Amino acid sequence: RSTAPARQQPVVPAHPGPTLVCAPRSRVRHKLYGEGTVLRIDGSIVDVLFDSGKTKMLDSRFAQLTLTT
């Protein structure tokens, strides 16, 4: 028997939300990563540089990003 802990599957909404409409350099907010700047968009995939310094590639249909002012 393996004593390694079971991997947890990521929780994603059962139904994707609306695709975020934004452009590179738009400011967005994510409930886990905070605020950031959109670097690149490829379809629904959005690369965001968050204020923490981390860059994340997110699917805007599932990431629940919101535009900030």
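Good morning, colleagues. Please bear in mind that the structure before you is a predicted model.

I begin with the overall content. The protein chain has five strands and zero helices, and read from the N terminus its elements follow the pattern β-β-β-β-β. How are these strands arranged? They form an open sheet in the order E4-E3-E2-E1-E5, with antiparallel pairing. The edges are taken by strand E4, residues 55-59, and strand E5, residues 66-67; each has a single partner strand, so one side of each is left without a neighbour in the sheet.

Let me turn to the pairing of E3 with E4. Strand E3 covers residues 45-50 and is joined to E4 by five bridges, the two running antiparallel. Within this pairing, leucine 49 stands opposite threonine 55 of E4.

Which residues make up the largest nonpolar core? It consists of eight residues: Val28, Val38, Val46, Val48, Phe50, Leu58, Ala63 and Leu65. Strand E3 gives the most to this core, namely three residues. As for leucine 58, its contacts beyond the neighbours within four places in sequence are His30, Tyr33, Ser44, Ile45, Val46, Phe50, Ala63 and Leu65.

I close with values for the whole chain. Of its 69 residues, 25% count as buried. The accessible surface comes to about 5500 Å², and 54% of this belongs to carbon and sulfur atoms. Finally, among contacts with a separation of 6 or more, 35% are between residues 24 or more positions apart.

Thank you for your attention.

Technical notes
Residues numbered from 1 in each chain as written. Predicted model: local features only at pLDDT ≥ 70, side-chain atom pairs only at ≥ 80, totals over all residues. Heavy atoms only, no water. Pairing = 2+ DSSP bridges. Helix = DSSP H or I, 4+ residues; strand = E, 2+ residues; numbered from the N terminus. Buried < 20%, exposed > 50% of the residue type's maximum accessible area, 1.4 Å probe, protein only. Contact = heavy atoms within 4.5 Å. Areas by Shrake-Rupley, 256 points an atom, 1.4 Å probe, with all protein chains shown as cover. Core = buried A, V, L, I, M, F, W, Y, C linked by side-chain atoms within 4.5 Å.
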